[in-house]
Amino acid sequence: MTNRLFLAATAAATLLAVGGSLGAAAPAVPVGTKGTAGVGDPLLPLSGDGGLHVRHYALTLKYQPKARRLDGTAVLSATATQDLSGFDLDLSGLDVHQVTVDGMPVSYDRSGQKLEVGLGHPVSSGTDFEVAVDYGGTPHPLTDADGSSDGWTALPGSQGAFVAGEPQGAMTWFPCNGHPVDKSTYDITVTVPQGYTAVSNGVLRTQHTAAGRSTFSWHETAPMAAYLATASVGRFDVRQYWSGRLPVYTAVDPAEKADADDVLDQLPAVIKWEQSLFGPYPFDAAGAIVMHDKDIGYALETQTRPVYDEAPDMDTLVHETAHQWFGDSVTVTRWQDIWLNEGFATYAEWMWDAAHGGAAPHDRLAQLYAKPATDELWSYPPGHPADLAHLFGVPSYARGAMTLQELREAVGDQAFFGILKQWAATHKYGHGTTAEFEALAARVSGKNLDPLFATWLYSTGKPTKM
Ligand code: TRP
Ligand code: ZN
């Protein structure tokens with residue numbers, strides 16, 4: 001919490017503190033408090049603001065790959081979730097030129113990663129309001145605690161930009177309520193020099209080129225966490241086609257085309273196969289963005305259209321596609337539940353490999369279990385990553401997948417796949433917690449699974465086989 005009070009609140013809306021603090025120096029306390037700085041995530045305490053829900057973002061951006069400059073306007077349609085005199089958005093770097101609320105300029109301040117906005121008139125819980133932020137500058141990615149970089153990342157030369165924001169990089173390119181507990185629909189419009197393509201989430205509504213510039217308007221109708229938004233820019237080779245009723249849009253850097261094409265051709269088959277395991281594909285669009293910069297070192301499951309640093313292999317395609325159910329449609333409420341994303345997406349790889357001549361999941365479990373107690377695999381319990389540096393460590397992926405295989409062996413295939421499908425269906429477009437997953441697994445299987453989860457998710461070090 002910052003101590004800043006929003007003095008824009010009128011005197012009439014002022015309460016005096018009760019008790020011995022009525023001295024002349026006592027600050028005026030506006031009716032309605034400021035939203036919390038941070039929604040209270042233990043790993044990213046500053047992320048988000050619990051005082052508002054953003055229903056919709058309309059981002060209108062211009063990017064100049066040569067100058068690496070981003071300029072734009074973000075219009076946030078928000079609802080106060082408590083009485084509010086102001087709120088904090090996340091925004092890292094970039095200059096803010098103006099902020100309006102319902103069309104009226106309001107006071108604002110910058111403090112660290114926060115854009116602190118004062119409401120001219122406090123609003124009561126449940127009120128809808130529209131915030132518009134004019135901003136621009138050169139976006140810089142953040143360096144995460146594990147050394148990876150996160151956010152709007154300009155590629156060498158004037159190639160374009162890789163845009164992926166997990167866990168906190170969304171704020172490097174737009175002002176946002178940046179914690180995944182808040183999900184919103186999006187319209188993202190990006191103008192780039194002719195010859196470049198700007199690729200974002202959902203469906204491409206319009207595209208036009210005039211006076212040497214191209215504008216791409218994207219629309220994401222399903223709720224999306226800010227970290228899953230992208231607006232990656234490159235000189236892509238674009239393919240658009242229908243897979244049944246699903247529009248597929250792939251954008252591939254020509255330097256990766258030879259390696260990427262065969263794998264991306266499998267995308268419709270991977271989606272169909274995953275639907276048979278997890279239930280209906282949750283979104284109204286699909287695709288891929290393939291950049292040419294393996295220094296970045298990762299892919300991200302940006303909603304409907306994952307972004308890859310280079311041509312993906314089949315495992316990576318299967319992994320990012322599985323995240324559309326686990327992570328994107330069903331989203332964590334706190335980062336420590338990340339195994340619900342990474343363990344599930346890794347387990348999808350195991351199943352794909354098993355279905356295509358590779359090792360059975362039971363054997364992979366055994367191979368991994370054979371690793372010595374000193375191995376990184378046992379460095380933290382996946383149900384409780386202690387800090388940001390370990391959020392995306394091996395246990396979140398591999399031991400998370402091992403947990404699912406243990407669960408499958410404990411409850412049998414029918415219950416196991418029932419659990420996966422019900423998880424995806426019950427929490428579709430919303431959130432899920434580890435506790436809710438454990439409860440669902442127990443309910444569907446009719447078994448006491450507490451010892452299994454205690455061992456695989458929460459015990460420190462290499463678990464003793466039950
Ligand atoms: N969630 C990504 C995956 O497993 C990996 C990842 C972790 C990431 N942190 C990131 C990607 C930051 C982009 C930015 O596929
Ligand atoms: Zn992943």
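## Pairing of β5 and β11

Two strands are taken to pair if DSSP finds at least two bridges between them. In this predicted model, strand β5 (residues 69-80) and strand β11 (residues 128-137) run antiparallel and are joined by 10 bridges. Within this pair, S77 stands opposite E130 in β11.

## The eight-stranded sheet

The β5 and β11 strands belong to an open sheet of eight strands, whose order is β8-β7-β11-β5-β4-β15-β18-β17. The pairing in this sheet is mixed. Its edge strands are β8 (104-105) and β17 (203-210), each of which pairs on one side only.

In general, strands of a sheet pair through backbone hydrogen bonds, in either a parallel or an antiparallel manner.

## Strand β10 and its partners

Strand β10 covers residues 114-123 and is mostly covered, with seven of its 10 residues buried. Strand β6 (residues 84-90) runs antiparallel to β10, and six bridges join the two. In this pairing, G86 stands opposite G118 of β10.

Strand β9 (residues 108-111) is also joined to β10, by four bridges, and these two strands likewise run antiparallel. Here Y108 stands opposite V117 in β10.

## The β9-β10 hairpin

What do β9 and β10 form, and how many residues lie between them? The two strands form a hairpin, with two residues between them. In the turn, G112 has a positive phi of about 60°.

Conventions:
Residues numbered from 1 in each chain as written. Chains lettered and ligands numbered in written order. Predicted model: local features only at pLDDT ≥ 70, side-chain atom pairs only at ≥ 80, totals over all residues. Heavy atoms only, no water. Buried < 20%, exposed > 50% of the residue type's maximum accessible area, 1.4 Å probe, protein only.
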